[in-house]
Amino acid sequence: METPAAEARNMETPVSAAPPVTARRIAPRSARPVGLYDLTLPELEARLRNWGAAPYRARQIWNWVYVQLAPDYAAMTNLPKDLRATLTAQLPLSTLRPLRELTADAGETVKTLYQTADGQLVETVLMLYPDRATVCVSCQVGCAVGCAFCATGLGGLTRNLTAGEMVSQVIGAARQARERGRALTNLVMMGMGEPFHNYDATMRMIGILHDPAGLNMGARRITISTSGVVPKIDALAEEPYQLNLAVSLHAPNDALRDRLAPINRRYPIRELLAACQRFIGRTGRRISFEYALMKGINDDDATARELADLLRGMLCHVNIIPLNPVDVLPFERPEAAGIERFAATLRQAGIPATVRYSRGLEIDAACGQLRAKSEALAAEADAAPISG
Ligand code: SF4
């Protein structure tokens, strides 16, 4: 079981001096800049060829970006100056700007708020454990799924992130890990958004990160979390990558899941579990079921037994995640004894279960909370009279 350090001291570091942009205007996709992180290695080679540069330079750039984690083109000293100038002018390295960094859990959790080129805000969390360093990546600005207990879903979906905007979050976390003497080892798609509603960009990101000439992140170290988009579970089973799948279940019956995760009305539990069985049959890989435990909602003994009956015989594991409460939502975290009792009931019924406390509870680490708070602060600042 992973527990946050109770006495963790929080630190907030503004990364960029400029205030957050509060406008929620969305630039059309065609108007958004394409950055280097959007490109695969062959695409970068083609770009260089178009510019009249030698394609082998692409591998040098790739090494600077994904192995040495260079922060800008100026650092790439083995490239000709004119090529560096062209790259700077034509292909921004990152299209995300870090605005704010918060640390908690005695420095083991780092949450970063980024701003996109069109002024949207997204969050990324780096979690350091003794045996691994995991980045939790956002794939959308907002989310259309609208889970009842989730801050991100409150405002609906603004837009999908590009592959480059997701890769950028990963590289940012890899740099943060390296600054702390660690290497980034794992990636979970459990930040803001539903990855299966942004499937193509998510797979593109994975292809870029998986490239052995670059970050070389093994697919088995990548976990995609879905609220239950059935057709994409089947699609994922056909991908060449050995990715891990996590399914946010939160309830063992349709009546309760309809309330907590409205996507259940589209893909009810029976269809969802059938897709999970097909995924297991096709890939041979175990599925993780995520279960956000909420006091008085889905945490009683009968519900635990019903969940065990539902999952019995399936190659799976249940991650019980005591809820990170959100100020504006009427859901609470159960007491510690209730959490342990729920887990014990599952285990006694033969279902492997682990209690996983969200990292950085005290730094607004429930998905969307940092962004929501930042936007509220920015709105307050906008409303304040300007003096002088
Ligand atoms: S929990 Fe995930 S899928 Fe549900 S609304 Fe929040 S971000 Fe979307």
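What follows is a chat about how the terms used for this predicted model are decided.

Biologist: Before we start, what are the ground rules here?

Modeller: It's a predicted model, so local features need pLDDT of at least 70 and side-chain atom pairs count only at pLDDT 80 or more, while totals for chains, interfaces and linings use all residues. Residues are numbered from 1 along each chain as its sequence is written.

Biologist: Why is Gln140 called buried?

Modeller: The cut-offs are 20 or more other C-beta atoms within 10 Å of a residue's own for buried, 12 or fewer for exposed, and partly exposed in between, with C-beta atoms placed from the backbone. Gln140 has 26 C-beta neighbours inside 10 Å, so it counts as buried. Across the chain, 46% of the 388 residues are buried.

Biologist: Where does Gln140 sit, and what does it touch?

Modeller: Gln140 is in strand β6, residues 140-142. A contact needs two C-beta atoms, placed from the backbone, within 7 Å. Leaving out residues up to four places away in sequence, Gln140 touches several others, including Leu157, Leu161, Met192 and His197. Gln140 and Leu161 are 21 residues apart in sequence, yet 4.9 Å apart C-alpha to C-alpha.

Biologist: How do you know that α10 has the span expected of a helix?

Modeller: The expected span is 1.5 Å times one less than the number of residues. Helix α10, residues 336-348, has 13 residues and reaches 18 Å from its first C-alpha to its last, close to the 18 Å expected.

Biologist: And what puts the buried residues of α10 on the same side?

Modeller: Those residues are Ile339, Phe342, Ala343 and Leu346. They cover an arc of only 90 degrees around the axis, so they share a side of α10; the arc is that of the directions from the helix axis to the C-beta atoms. Ala337 and Gln348, on the other side of α10, are exposed. Among the elements covering the buried residues of α10 are β11 (287-293) and α9 (301-311). Just after α10, Gly350 has a positive phi of about 90 degrees.

Biologist: Which residues of α9 are buried, and why do you say they line one face?

Modeller: Ala304, Leu307 and Leu311 are buried. Seen down the axis of α9, its buried residues fall within an arc of 60 degrees, so they line one face. The face turned away carries the exposed residues Asp301, Ala302 and Asp309. Cover for the buried side of α9 includes β11, β12 and α10.

Biologist: What makes β11 largely enclosed?

Modeller: Six of its seven residues are buried, so the rest of the structure largely encloses β11.

Biologist: How do you know that β11 pairs with β10 and β12?

Modeller: Pairing takes at least two DSSP bridges between the strands. β10 (residues 244-248) and β11 have four, in the parallel sense, and seven join β11 to β12, also parallel; both pass. Ser288 in β11 stands opposite Ala246, and opposite His317 in β12.

Technical notes: Helix = DSSP H or I, 4+ residues; strand = E, 2+ residues; numbered from the N terminus.
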